Amino acid sequence: MAAMIEIKSLRKEFGSFVAVDGVSFNVARGEVLGFLGPNGAGKSTTMKMITGFLAPTSGTAVVCGHDILRDPMKVKAAIGYLPEGAPAYPEMTPWSFLNFIGQIRGFRGADLRRRVDEAVQKTSLDSHLYVPIESLSKGYKRRVGLAQAIIHNPEVLIMDEPTDGLDPNQKHEVRKLIGEMAKDKAIILSTHILEEVEAICTRAVIIAAGKVIADGTPAQLAARSDRHNNITLRVQSRTAGNFKDHVSSVSGVSEVLMVREHDGVATWRIVPKSGAALITQVGALARQNNWEVLEIRLEQGRLDEVFRDLTADATAKAGREN
């Protein structure tokens, strides 16, 4: 599938400080890309360069066939952007602000009213349309920011922390909306909420110290976790004599760890070598030995663990190089 966003060796320097250092990746229509990294990694700076808010020191990006350096206005017309903090005119109401944004986007009359109404409906702003933005809660200000980003039905959406300040119900609504819009758009969203990445992103890019250090689906990244394919098994102790010895003999098992034992029930964690898939062998062993298994669970891996390990290593390396 052809890329709608092509990021080509983007670099941004602020004096001697390199905030973004040769970032490259593509995003196709239908993809929701989670753009991840610790604070100061270069995420917001990268998004500001793609959207034309910052000029790159070198490199470029192409959005819907338009280069950010040669055709900046066409790029901005193709993008819906929700920046960090969702800035808006505080004295305006959501209604007046969205009408203002719609007019800037070139809409008038019935078309303008329709687009404002659709944006309001999608972001559930109905009950706060005529309240000054400065008096809104952080969550409702975020909704106003999201509404202005989608008012022109852009082909590309770039969002910095789209659910920041929202309560759990509001987060669910926004994630659902992103999923619905993703069918015919290319979406980049920056977030610190890793469960959000697993819930709605089809792919994730991790950045640290200004460089891309990982790129893959959430499942592919989680599989790099030390817990990938670990097996948790709860068994009646009286039926599972010599459990550890039996399981340790299975080819591919690295460790067999007792997690806890309570009321005659033992909980074990079985760690495979190199993430090998052993649940079939362990299940067969349980049946052969007539163990009374109460629960058996396979872990897919932990994205938060992978994120911490990768970013810590990259940040440490960058510190040594500097």
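A cavity is here a set of grid points where a 1.4 Å probe fits but cannot get out, and its lining residues are those with an atom within 4 Å of a point. The model shown in these close-up views is a predicted one.

**View 1. The largest cavity and the residues that line it.** The count comes to one cavity of 30 Å³ or more, and the volume of the largest cavity is about 60 Å³. Its lining is made up of K122, T123, S124, R143, L146, Q170, E173 and V174. Helices α4 (109–123), α5 and α6 each contribute at least two residues to this lining, and the greatest contribution is that of α6, with three residues. Sorted by class, the lining of the largest cavity comprises two nonpolar, three polar and three charged residues.

**View 2. The contact of helix α5 with helix α6.** The axes of α5 (residues 138–150) and α6 (residues 168–181) come within 12 Å of each other and cross at roughly 10 degrees. Because angles under 35 degrees count as roughly parallel, α5 is described as roughly parallel to α6. On the α5 side the contact is made by Y140, R143, L146 and I150, and on the α6 side by Q170, E173, V174, L177 and M181. These contact residues divide into six nonpolar, one polar and two charged. R143 and L146 of α5, together with Q170, E173 and V174 of α6, take part in this contact and also belong to the lining of the largest cavity.

**View 3. The largest pocket, with the residues closest to its centre.** The space in the largest pocket amounts to about 660 Å³. It is lined by 24 residues, of which F53, Y81, I101, R105 and Q148 are the closest to the centre of the pocket. Two or more residues of the lining come from each of α2 (72–78), β6 (79–82), α3 (94–104) and α5. The lining of the largest pocket divides by class into 16 nonpolar, five polar and three charged residues.

**View 4. The aromatic pair formed by F25 and F35.** Across the whole structure, the search finds seven aromatic pairs, and one of them is formed by F25 and F35, whose rings lie 5.5 Å apart centre to centre with 50 degrees between the planes, a tilted arrangement. Since F25 belongs to strand β2 (residues 17–28) and F35 to strand β3 (residues 32–36), the pair ties together parts that are 10 residues apart in sequence.

Definitions and conventions:
Residues numbered from 1 in each chain as written. Predicted model: local features only at pLDDT ≥ 70, side-chain atom pairs only at ≥ 80, totals over all residues. Heavy atoms only, no water. Axes fitted to C-alpha atoms, helices over the stretch in contact; angles between N-to-C directions. Helix = DSSP H or I, 4+ residues; strand = E, 2+ residues; numbered from the N terminus. Parallel < 35°, antiparallel > 145°, perpendicular 65-115°, else oblique. Contact = heavy atoms within 4.5 Å. Nonpolar A, V, L, I, M, F, W, Y, C, P; charged D, E, K, R; others polar. 1 Å grid on protein atoms, 1.4 Å probe; cavity = no way out; pocket = protein on both sides within 12 Å on 5 of 7 lines; lining within 4 Å. Points joined across faces, edges and corners; volume = space filled by probe spheres on them. Phe/Tyr/Trp six-rings, centres within 6.5 Å; stacked < 30°, edge-to-face > 60°.
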